[in-house]
Amino acid sequence: MLIIKIKDIRPLTVEELKERRNQLLLELSIEKRKIASTGVSSKTVKTRELRRTIARINTLLKEKGVKE
């Protein structure tokens with residue numbers, strides 16, 4: 001569930017977008033804890049893609065006029 005294109009998430013509802021964002025934020029925090037505990041990250045691409053996907057979802061939520 002790493003790379004999600006904007007055209008794939010555009011038809012989702014607001015609730016689905018929020019749920020997907022929460023799942024990705026949880027996954028990102030797990031990856032950050034792994035990096036902090038080991039000191040070495042072998043999956044920097046994964047964390048980068050997680051952050052980018054979260055940003056895409058946040059952009060879509062703002063386009064739809066959702067206030068947090």
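This is a guided tour of the structure, given as a series of selections.

**Before selecting**

The model is predicted, so local features require pLDDT of at least 70 and side-chain atom pairs count only at pLDDT 80 or more, while totals for chains, interfaces and linings use all residues. Residues are numbered from 1 along each chain as its sequence is written, and side-chain values use heavy atoms, with hydrogens and water left out.

**The whole chain**

Select the protein chain and colour it by secondary structure. The protein chain has 3 helices and 0 strands, where helices (H or I, at least four residues) and strands (E, at least two) are DSSP runs, numbered from the N terminus. The pattern along the sequence is α-α-α. Taken along the principal axes, the C-alpha atoms occupy a box of roughly 40 × 20 × 15 Å. Of the 68 residues, 25% count as buried; buried means under 20% relative accessible area, exposed over 50%, and partly exposed in between (1.4 Å probe, protein chains only). Contact is defined as heavy atoms within 4.5 Å. Among the contacts in the protein chain with a separation of 6 or more, 66% come from residues 24 or more positions apart.

**Helix H2**

Next, select residues 14-38, which form helix H2. H2 has 25 residues and reaches 36 Å from its first C-alpha to its last, close to the 36 Å expected at 1.5 Å a residue; the expected span is 1.5 Å times one less than the number of residues. Within H2, highlight the buried residues Leu17, Arg21, Leu24, Leu28 and Glu31. Their cover includes helix H1 (6-9) and H3. Then step just past H2 to glycine 39, which takes a positive phi of about 85 degrees.

**The packing of H2 and H3**

The crossing of the two helices is left-handed, that is, the near helix is turned anticlockwise from the far one by less than a right angle, whereas clockwise would be right-handed.

To display this contact, select Val14, Leu17, Lys18, Arg20, Arg21, Leu24, Leu25, Glu27, Leu28, Glu31 and Ile35 on H2, together with Lys46, Thr47, Leu50, Arg51, Thr53, Ile54, Ile57, Asn58, Leu60 and Leu61 on H3. These residues divide into 11 nonpolar, 3 polar and 7 charged. In this division, Ala, Val, Leu, Ile, Met, Phe, Trp, Tyr, Cys and Pro count as nonpolar, Asp, Glu, Lys and Arg as charged, and the others, Gly among them, as polar.

**Four stops on helix H3**

- Threonine 47 in helix H3 counts as buried because its relative accessibility is 12%. Leaving aside neighbours within four places in sequence, threonine 47 is in contact with Leu28, Glu31 and Ile35.
- Leucine 50, also placed in helix H3, has 0% relative accessibility and so counts as buried. Its C-alpha atom is separated by 14 Å from that of isoleucine 6, 44 residues apart along the chain.
- Arginine 52 of helix H3 counts as partly exposed, at 44% relative accessibility. A C-alpha distance of 8.6 Å separates arginine 52 from isoleucine 3, 49 residues apart along the chain.
- Glutamate 63 in helix H3 counts as exposed, at 52% relative accessibility. Glutamate 63 and isoleucine 35 lie 28 residues apart in sequence and 33 Å apart in space, C-alpha to C-alpha.

Key: Axes fitted to C-alpha atoms, helices over the stretch in contact; angles between N-to-C directions.
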